[in-house]
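This briefing looks at how parts of a protein model meet, and at a few contacts between side chains. Please keep the structure in view while reading.

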Protein chains: 2
Amino acid sequence: MVLGQADRSQTTGSPIDRAFLHSATMPLSFRHAVLPNGLTIIAEVDPAAHTAAAGFYVKTGARDEDASLMGVSHFLEHMMFKGTARRTADEVNQHFDNIGANYNAFTSHEMTAFWAHVLPEHLDEAEDILADILRPALRQSDFDLEKNVILEEIAMYADQPFWVLYEQAMERYYPDHPLRHRVLGTPETISALPRDAMQRYFDDRYSPDNMVVALAGRLDFDARVASLERRCGSWRRTGARREYRPIRFGEGALDRTSDKVNRHYLLMIAPAPSLRDDDRYAAMMLAQVLGDSEGSRLYWALIETGLAEEAQAQYDGRDDTGELYVFATCSPEDAVEVERVVLKEVDGLVASLTEDDLQRVRSKIATGVTVAGERPAGRMKRLGHMWTTQGQYRSLEDELARINMVTLDDLRRVASKHPLTPRLTARLSPAG
Amino acid sequence: MVLGQADRSQTTGSPIDRAFLHSATMPLSFRHAVLPNGLTIIAEVDPAAHTAAAGFYVKTGARDEDASLMGVSHFLEHMMFKGTARRTADEVNQHFDNIGANYNAFTSHEMTAFWAHVLPEHLDEAEDILADILRPALRQSDFDLEKNVILEEIAMYADQPFWVLYEQAMERYYPDHPLRHRVLGTPETISALPRDAMQRYFDDRYSPDNMVVALAGRLDFDARVASLERRCGSWRRTGARREYRPIRFGEGALDRTSDKVNRHYLLMIAPAPSLRDDDRYAAMMLAQVLGDSEGSRLYWALIETGLAEEAQAQYDGRDDTGELYVFATCSPEDAVEVERVVLKEVDGLVASLTEDDLQRVRSKIATGVTVAGERPAGRMKRLGHMWTTQGQYRSLEDELARINMVTLDDLRRVASKHPLTPRLTARLSPAG
């Protein structure tokens, strides 16, 4: 019986073997095309989906900026919604609203992305708006007005203790590499930024051969390639490439106090595999066993005991490196004890790993990625992120199978190659 | 061509006609069964889904409590996770974690629900855990410990200005009806609550004929009915029913000050159709035109102009009544002006309605419900909520078609039957 797995008595094999079996019933297909000007178009086409999603992923972010222009990627992301040759800023928003689009954009160290999630019959209009805003007017008057919005955003984030601590820790951890840049920039760099410098950054970095259009859901791939050729085919390619510089890691302790915080904030960083390294699966699983938000070593030792309000570990991969973060919040008087417990759990992790840990994490990951992949917006984001960082496609089923094959020995090997012990420890405490 | 709608030049008809067409390709089927003890089981079975979800929806909440036991529904929801005859509290969490479940519970005035979202091969185990915790041990020692957690939760919510204002406004708006009850209870009612009173409430209200099991996704319905019969078939039915009392609405103004807030908070309430009244579709659309979080009258008049940080309208339906809420946050010195603008937009809404408004709202709703319905967890929640409040099934496509048929005249008729002008205006301002 096809649906027999719903009854426990008939269940055999691991959850991921099962996920593999399901895939046999999915008519989902991967498609790939490159326009003459270098614009890459990729899609997971799913005729059974009820919606469709499209995103432009540009391989440019805070790490690609000159230090003097710090924040230009994020400021530019804002400016993309301020109008084009064909649409005013109001019209951009109205046209998205008219088709009931869920739409948004984001900027990180690694990339800048613009996406929309719509009913299938509105995908063409969504693509039209996205392609249009990807060639922005960048008018001086809009630039001057938006500069104040950015400065307010920087001021707002300055009220968030972990954000502030993260920015300062990254500056110490990457002492001479642009990964130290603040995504929002600083009040100084933003205030001093001229419009022409943003225009030059845009002209160079937003080249069609430095971006990918990711599509997912119910769509006609050939029709999409034809319409993207019509809309983006004349965009000039510049051959923009990311410059990969050697990385040296900072270390030690960073202690800060502030009269704006009431709690103690702890952030630890250790080097981890890059997204191009298949050891990333083991690194992600180690982070989950150590510090998933529930059912993890840190959860049991710090949250269940009431010693900390928050205590998590997280793997964050980039295309040429990666980080393992451990962070916690607690009462200032428990700060020393919390840090002691965190280090005890980190140092004792490898020796205490069990098959139960592996099985629990496999199950959680299998659920998480399957749920994310159930919506075209989730599939589109996975595609866009994967192509931008790794330049290749791997199916969800393939990734789940690789996760399923990770053994306890793999976890131990990766933990020995990339020790979990923090290289940098940053602390933020109440002043006085 | 089947996928032709991806190209704008071929698009005809409204988005919702199109959503209707899509449904022809979905092999999704509704199933319904009732066990001899009255337990209703409903499902939207979708063989193409990658996951499955199950929820127990109990038709009991704050409105079904004696005033002296206020908060017992929510406290009981917590106790359901504290162990059963077969599982300790730790085992409940571990067993959910072992299958990688996304799981949670909630309590409102109207209902209490417990659900899990898993890979299809884990649905049986998820159902086993859910059915088990629905017959909790309610041990005195756990009860005493959890009482402190509830009291801390009440203290935490007391720090949230809109929550406090909402609770006080509801007490004034429903002066002599249990809809005035606070879902969390008060420190007094919770402190005084005896375990035996909770046990009696549970024994009466958690009757199989007062709940529904909602299922969605990739599952074998007949196998699920058989396993639920095995797990829940011996539960004793009590014939528990909700008591519907006549409703009298309070009105006027409620002014509060607090030295804990820095901003001005405004909350307005007007009566609206119930969830059993098909006018609810028009009421929901009126609320969206007036105060959706973006692209609405209040957004343009208050957010875009920078007069308020937040300004929204929301329709909230219950099984025998409904409310239209309007809420805003602003600087204390703008309070009078913001309230003036809100009332101007509310009073001018009907005369200013256009076909563009209707079309924009239809598109937004079509996207929202389709995206929510793309995940089995979303479908399960829609089913459980709908059956608990309306006692009947309506497909997503049917609901979208009804929304699509709402005309400007319908909006005007419903606004005339249920005037939007607030019956109660509640304000919270900084003290001194």
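How many aromatic pairs does the structure hold over all chains? In this predicted model, the number of aromatic pairs over all chains is 32, and the number of salt bridges over all chains is 98.

**An aromatic pair in chain B**

- The ring centres of B:Phe75 and B:Phe143 are 4.8 Å apart and the ring planes stand at 15°, so this pair is stacked, given that planes under 30 degrees apart count as such.
- B:Phe75 belongs to helix α2 (residues 72-79) of chain B, while B:Phe143 belongs to helix α5 (residues 140-157) of chain B, so the pair ties together parts that are 68 residues apart in sequence.

**A salt bridge in chain A**

- A:Lys82 and A:Glu146 form a salt bridge in which the closest N and O atoms are 3.7 Å apart.
- This pair links distant parts of the chain, with A:Lys82 in the loop between α2 (72-79) and α3 (89-98) of chain A and A:Glu146 in helix α5 (residues 140-157) of chain A, 64 residues apart.

**The two domains of chain A**

- The domain assignment divides chain A into domain 1 (25-232) and domain 2 (252-430), and the C-alpha centres of these two domains lie 27 Å apart.
- In the contact between them, domain 1 of chain A takes part with 39 residues and domain 2 of chain A with 42 residues.
- About 3400 Å² of area is buried between the two domains of chain A, and carbon and sulfur atoms give 70% of this area.
- Of the area that domain 1 of chain A buries against domain 2 of chain A, 20% is supplied by A:Phe162, A:Leu165 and A:Tyr173, which is more than any other three residues supply.

**Polar links and the domain 1 side**

- Between domain 1 and domain 2 of chain A there are six salt bridges, and 11 residue pairs are in polar contact across this interface.
- Several elements of chain A give two or more residues to the side of domain 1 that touches domain 2, including β1 (29-34), β3 (52-58) and α6 (161-173).
- Helix α6(A) gives the most to that side of domain 1, with nine residues.
- Sorted by class, the side of domain 1 of chain A that touches domain 2 has 25 nonpolar, eight polar and six charged residues.

Notes
Residues numbered from 1 in each chain as written. Chains lettered and ligands numbered in written order. Predicted model: local features only at pLDDT ≥ 70, side-chain atom pairs only at ≥ 80, totals over all residues. Heavy atoms only, no water. Domains from an automatic or database assignment. Contact = heavy atoms within 4.5 Å. Buried area = accessible area lost by both parts, 1.4 Å probe. Salt bridge = Lys/Arg side-chain N within 4 Å of Asp/Glu carboxyl O. Polar contact = N/O pair within 3.5 Å; in protein donor to acceptor, adjacent residues only side chain to side chain. Helix = DSSP H or I, 4+ residues; strand = E, 2+ residues; numbered from the N terminus. Nonpolar A, V, L, I, M, F, W, Y, C, P; charged D, E, K, R; others polar. Phe/Tyr/Trp six-rings, centres within 6.5 Å; stacked < 30°, edge-to-face > 60°.
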